[in-house]
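The sequence and structure are shown first.

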Amino acid sequence: MSEQIQVFYELEILDGKSEELREIARQMVAFNEQGEPETLVYNVYISEDKRLLTFLETWSDSSAGIFHAERFATGKFVAQVLERTGAGRLCFYGDVSDDMKTWASDNGFEVEYANRIDGFVR
């Protein structure tokens, strides 16, 4: 079975902040593409009504997830994103390690976890 972790992170966009978030997202993608070789997928979406910002990510494993999460939590982007968004939903799909779960909890993230039943990765 794959050790990959898929991530769904959806945030409500505060009124008038969608264009600012669009530019921040572009910067985040470039930053993560350059500095995170174990982040396999990193896509950011904005809903047509400009009310939701969604991150879809795939990490090679929980260690890569912790590396990504620490960079985000201690970097310049966390404040920029959270100042422009409201409530959110964060979901991790896959065999998430206890270390990753502890990190998320210790850093104030409320995560919904789903274990993999079956599937394939090409």
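## Start of helix H2

A polar contact is a pair of N or O atoms within 3.5 Å; within protein, one must be able to donate a hydrogen and the other to accept it. The model is predicted. At the start of H2, a side-chain oxygen of Asp-61 comes to within 3.2 Å of the backbone nitrogen of Ser-63.

## Helix H2 and its surroundings

H2 is made of 13 residues and spans 18 Å between its first and last C-alpha, close to the 18 Å expected at 1.5 Å a residue. Its buried residues are Ser-62, Ala-64, Gly-65, Ile-66, His-68, Ala-69, Arg-71 and Phe-72. The elements covering these buried residues include E1, H1, E2, E3, H3 and H4.

## The sheet

Five strands make up an open sheet with mixed pairing, in the order E2-E3-E1-E4-E5. Strand E2 (39–46) and strand E5 (111–114) are at the edges; each has a single partner strand, so one side of each has no neighbour in the sheet. From one strand to the next, the twist averages 15°.

H2 packs on this sheet, where it touches E1, E2 and E3, and its direction makes about 140° with that of E3.

## Strands E4 and E5, and Phe-92

Strands of a sheet pair through backbone hydrogen bonds, either parallel or antiparallel. E4 and E5 run parallel and are joined by four bridges. Phe-92 has Tyr-113 in E5 as its bridge partner.

Leaving out residues up to four places away in sequence, Phe-92 touches Ile-5, Gln-6, Val-7, Trp-59, Met-100, Val-111, Glu-112, Tyr-113 and Ala-114.

## The largest nonpolar core

Which residues of the largest nonpolar core touch the most other members? Among its 26 residues, they are Met-28, Phe-55, Trp-59, Phe-92 and Met-100. Two or more residues of this core come from each of strand E1 (5–13), H1, strand E3 (52–59), helix H2 (62–74), helix H3 (77–82), strand E4 (85–93) and helix H4 (98–106). E1 contributes the most to the core, with five residues.

## Ser-18 in helix H1

Ser-18 lies in helix H1, which covers residues 18–35. Is Ser-18 buried or exposed? The cut-off for buried is under 20% relative accessible area; Ser-18 has a relative accessible area of 10%, so Ser-18 is buried. Apart from neighbours within four places in sequence, Ser-18 is in contact with Ile-13, Ile-46 and Lys-50.

Definitions and conventions. Residues are numbered from 1 along each chain as its sequence is written. This is a predicted model: local features need pLDDT of at least 70, side-chain atom pairs count only at pLDDT 80 or more; totals for chains, interfaces and linings use all residues. Side-chain values use heavy atoms; hydrogens and water are left out. Buried means under 20% relative accessible area, exposed over 50%, partly exposed in between (1.4 Å probe, protein chains only). Contact means heavy atoms within 4.5 Å. A nonpolar core is a set of buried Ala, Val, Leu, Ile, Met, Phe, Trp, Tyr and Cys residues joined through side-chain atoms within 4.5 Å. Two strands pair if DSSP finds at least two bridges between them. Axes are lines fitted to C-alpha atoms, for helices over the stretch in contact, and angles run from 0 to 180 degrees between N-to-C directions. The expected span of a helix is 1.5 Å times one less than its number of residues.
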